Amino acid sequence: MTNYKKLIIAVDLSEDSAPVADRAQGLAADSGAELHLIHVIEPLSFAYGGDIPMDFSGIQDEIHQQAAQQLTRFGEQYGIPPERQHIVLGRPEVEIHSKAEEIGADLIVVGSHGRYGLALLMGSTANGVLHGASCDVLAVRVGACKTKS
Ligand code: AMP
């Protein structure tokens, strides 16, 4: 198998992020790959912009600052330096693709929840990342697996 050279780990900063990063770190240790982290913040205006006539910039800045602090701590735990920690505003799947291409990643690592039905194999973000990715995507199973009753 070809060794990966540059991995990008997509983290939503929930408790699911650690198993995803653990798996990526294990792969990177085996292959000597460089690790990057990305967290995407969805603008509040995407959800509420059209409906509520309000200036979201203060809240958005606060969300950005808190996410940046959390990402810094997370990156430190995995020895990923600040220049390889990316925090961007937009739609997760779009920004993850875009950053992966920008840095020349050859593997995107995402978490995937066990779900039934159409979402059985992948959560919505993982599914979105897989479709249209220009490099390999590794979906790491996270959370409780749901089984058919
Ligand atoms: P979901 O489909 O929302 O359950 O998320 C599954 C996985 O997608 C997470 O474990 C992350 O790897 C990735 N992900 C979800 N939201 C974000 C986000 N805002 N920024 C970066 N990655 C994300």
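Reader: Hi! Which backbone atom of A10 sits 2.6 Å from the ligand, and what does it face there?
Author: A polar backbone atom of A10, and it faces an oxygen atom of the ligand. That is a polar contact, meaning a pair of N or O atoms within 3.5 Å. This is a predicted model, where local features need pLDDT of at least 70 and side-chain atom pairs count only at pLDDT 80 or more, while totals for chains, interfaces and linings use all residues. Residues are numbered from 1 along each chain as its sequence is written, and side-chain values use heavy atoms, leaving out hydrogens and water.

Reader: What about H113?
Author: An N or O atom in the side chain of H113 is 2.9 Å from an oxygen atom of the ligand.

Reader: And how much of the ligand does the protein bury?
Author: The protein buries 89% of the 490 Å² that the ligand exposes when taken alone. Those areas come from the Shrake-Rupley method with a 1.4 Å probe.

Reader: New topic: how many aromatic pairs are there?
Author: The search of the whole structure finds one aromatic pair. The ring centres of F74 and Y78 are 5.0 Å apart and the planes are at 35°, so the pair is tilted. Rings of Phe, Tyr and Trp (its six-membered ring) pair if their centres lie within 6.5 Å; planes under 30 degrees apart count as stacked, over 60 as edge-to-face and the rest as tilted.

Reader: Are F74 and Y78 buried or exposed?
Author: Both F74 and Y78 are buried, which means under 20% relative accessible area, with exposed over 50% and partly exposed in between (1.4 Å probe, protein chains only).

Notes:
A polar contact is a pair of N or O atoms within 3.5 Å; within protein, one must be able to donate a hydrogen and the other to accept it, and residues adjacent in sequence count only if both atoms are side-chain atoms.
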